[in-house]
Amino acid sequence: MSATDPTTGTTDPKIWMRRQGRWSAFEILAWLAALTPFFLFPTYLPLANQIAIAALFAISVDLILGYAGIVTLGHAMFFGLGAYFAGIISVYGWGEPITGLLMAGAFAGLIGFIASFLITRVQHLALIMVTLGLGFLTLELANAMSWLTGGTDGLRGMNRWPVFGQFRFDLWGYTSYTYSLIVLFICFLLSRRLVNSSFGLALRGVRENVKRMPAIGSDHKWHLRKIYTISAAIAGLAGALMAQTTNVVTLDALSFQRSADVVVMLILGGTGRLYGAILGAFIFLMARDQLAGVNPQYWYFGIGILLMLVVLFMPKGILGFLSGLVSRRGK
Amino acid sequence: MSPMTDVLVTEGLNKSFGKLEVTRNVSIALPQGARHALIGPNGAGKTTLINLITGQIRPDSGRIALDGEEVTGLAPYARVKRGLTRTFQINTLFPDLAPIEAVTLAVCERDGKAGQFWRRLPAHADAIDEAFAILTQLGLADVAMRTTRHLPYGQQRLLEIALALATRPRVLLLDEPAAGVPKDESAALFAVISALPQDISVLFIEHDMDIVFKFASRIIVLVSGAVLLEADPETVRNDPRVREVYLGQGHHG
């Protein structure tokens, strides 16, 4: 079947490792499923766009929370910074989406790099409080700088140009979802490469036992600063996507609610597996869409029940639970 | 007798936690290829001394030199990079990684490749091969692809050493490598340690006197944070003070 040496029963470790990072049929199916809204559910394109953006944001949090063990309750900070950056440059005359997106990501990454020096100084509860505090600071800063951000009224006068000068952002969301899905896919591919690299292994090492890392010669804080910066940049891209595809940026982009929701998505889907972030975003926003249809006021009631069920009965998240079922059946 | 080069030297190390002096004026030297044992009753400060040497805690005074260069102010990881590596008395492993992954990580860290996020892990074929060779050397080849948490305890103790070896140490400080291992297995474990290349200098903490006398070329006796005696096994065995403060406990009890 595999490269198992019949005499010793051992496998060549390189082949074993290559197998760890191989694409499965499920993955290909999942990405094909992401295309179905174009053909089957065109009325859901705006929702699909939101899901793609939330999934990208959740991937950014998974990289630090799921892989490096940095628990954050303030990551909306970078989402919002990306959103405001992309929005503001379009207000001031640069509405080209691709370069705006990249600049917004770079800006969020830069702020993330600066914040990372603070983040790596603390651990556990203090770490969560620092991320929370930074989130609040950014929110109030954006509120206070209303001459630039529009404050509580939101940013006005955004002017986005067509993608590649060709594709206008249409009312039905074809361009938006295509654009967001492509950005999500590219970022996913990069993240997938990252977690399957030696750097990804080092992050897992930090998560598994931070005390051992220095003893194997690892400057693990540098690893953490690096992944925090990358994560902030990806969160910034997600925020910029939201600004560009919806043409709206409000303080809501920086809110604590957004920081908390993305962690809930990740817990629902399952941490440390990238697809958990995507599945979690899908379930969360679909549930919100359906539950809000039943009762627009109390839809968090349903999310609360779902969250408790998953935490109690599926400690590795829904995707972790499903992959557990599949591997059990495979034996 | 030719003059031996001391790879690791400590001079007048002191450390207090509040009023408790845990390390008192400790000056030791580890020559090239040493197989030295560090013994002493519980609470003598043996693990603290290793923590001081490897940088987990900072001394109040004194200095530490590796190959003649002072490392007293260096961070723990930087000391490891210079070849000063330790293992832990209580398993300090990566429970959800496979041994091959953990040791490959240590090799990549040593070679400065661990930060590369753009290359797939299997592309570091040399690192993986070297990691597998280290695991094979320690008899862990068969379990290299299992999950660490599922390994028998004795194999986890070996993995402790494998991780340290992957850093290519010049000096290896083993904190009770056989802690919790049955007596017959611990002899096998020390056979592995004594078979390590001669260019690695080893200092190990061990409580079992039979093993200490069998595998140590010299013994450092630590009592109440201070060096009571440093000598060859025969001298230590016959020293009345050592018998009183250390061996005495076991013999009377």
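This tour moves through a predicted model with the viewer open, naming at each stop what to select and what is found there.

**Stop 1: helix H4 of chain A**

Select residues 45-67 of chain A, which form helix H4. The helix has 23 residues and reaches 31 Å from its first C-alpha to its last, close to the 33 Å expected at 1.5 Å a residue. Where does H4(A) bend? The bend is at Val61(A) and amounts to about 35 degrees. Colouring by burial shows a helix that is mostly covered, since 21 of the 23 residues of H4(A) are buried. Now move just past the end of H4(A) to Gly69(A), where phi is positive, at about 75 degrees.

**Stop 2**

The buried residues of H14(A) are Tyr275(A), Gly276(A), Ala277(A), Ile278(A), Leu279(A), Gly280(A), Ala281(A), Phe282(A), Ile283(A), Phe284(A) and Leu285(A).

At what angle do H4(A) and H14(A) pack? The angle is about 140 degrees, and the axes are 8 Å apart. The two helices, H4(A) and H14(A), are therefore oblique to each other. Viewed as a crossing, H4(A) passes H14(A) in a right-handed sense. To display the contact, select on H4(A) the residues Leu47(A), Gln50(A), Ile51(A), Ala54(A), Ala55(A), Ala58(A), Ile59(A) and Asp62(A). Their partners on H14(A) are Gly276(A), Ala277(A), Ile278(A), Gly280(A), Ala281(A), Phe282(A), Leu285(A) and Asp289(A).

**Stop 3**

Select residues 97-119 of chain A, helix H6, and centre the view on Ala108(A). Is Ala108(A) buried or exposed? Ala108(A) is buried, because 32 other C-beta atoms lie within 10 Å and 20 or more are enough for that label. Setting aside residues up to four places away in sequence, Ala108(A) touches Phe78(A), Leu81(A), Gly82(A), Ala232(A), Ala233(A), Ala235(A) and Gly236(A). Gly82(A) is 26 residues from Ala108(A) along the chain, and their C-alpha atoms are separated by 5.7 Å.

Next, select Leu110(A), which also lies in H6(A). Leu110(A) has 15 C-beta neighbours inside 10 Å and therefore counts as partly exposed. A distance drawn from the C-alpha of Leu110(A) to that of Leu139(A), 29 residues apart along the chain, comes to 18 Å.

**Stop 4: helices H9 and H12 of chain A**

Display H9(A) together with helix H12, residues 220-246 of chain A. They pack at an angle of about 175 degrees, with axes 10 Å apart. H9(A) and H12(A) are therefore roughly antiparallel to each other. From H9(A), the residues Ser176(A), Tyr179(A), Ser180(A), Val183(A) and Cys187(A) meet Ile234(A), Leu237(A), Leu241(A) and Thr245(A) of H12(A).

**Stop 5: two residues with positive phi**

Select Phe164(A), in the loop between helix H8 (146-149) and helix H9 (174-195) of chain A. Phi here is near 55 degrees, a positive value in a residue other than glycine. With 10 C-beta neighbours inside 10 Å, Phe164(A) counts as exposed.

Then turn to chain B and select Asn25(B), in strand E2, residues 20-26. Asn25(B) is not a glycine, but its phi is positive, at about 50 degrees. Asn25(B) counts as partly exposed, with 14 C-beta neighbours inside 10 Å.

**Stop 6: helices H3 and H4 of chain B**

Select residues 99-110 and 125-137 of chain B, which form H3(B) and H4(B). They pack at an angle of about 120 degrees with axes 8 Å apart, and are therefore oblique to each other. H3(B) passes H4(B) in a right-handed crossing. Among the residues that meet are Val103(B) and Val107(B) in H3(B), and Ala131(B) and Leu135(B) in H4(B).

**Stop 7: where the chains touch**

Finally, show both chains. How many residues does each chain bring to the contact? Chain B brings 41 residues and chain A brings 31 residues. On the side of chain B that touches chain A, helix H2 (76-81), strand E7 (84-86), H3 and H4 each supply at least two residues. H3(B) gives the most to that side, with 8 residues.

Methods: Residues are numbered from 1 along each chain as its sequence is written. Chains are lettered from A and ligands numbered from 1 in the order in which they are written. This is a predicted model: local features need pLDDT of at least 70, side-chain atom pairs count only at pLDDT 80 or more; totals for chains, interfaces and linings use all residues. Helices (H or I, at least four residues) and strands (E, at least two) are DSSP runs, numbered from the N terminus. The expected span of a helix is 1.5 Å times one less than its number of residues. The bend at a residue is the angle between axes fitted to the seven residues ending there and the seven starting there. A residue is buried if 20 or more other C-beta atoms lie within 10 Å of its own, exposed if 12 or fewer, and partly exposed in between; C-beta atoms are placed from the backbone. Axes are lines fitted to C-alpha atoms, for helices over the stretch in contact, and angles run from 0 to 180 degrees between N-to-C directions. Angles under 35 degrees count as roughly parallel, over 145 as roughly antiparallel, 65 to 115 as roughly perpendicular and the rest as oblique. A crossing is left-handed if the near helix is turned anticlockwise from the far one by less than a right angle, and right-handed if clockwise. Two residues are in contact if their C-beta atoms, placed from the backbone, lie within 7 Å.
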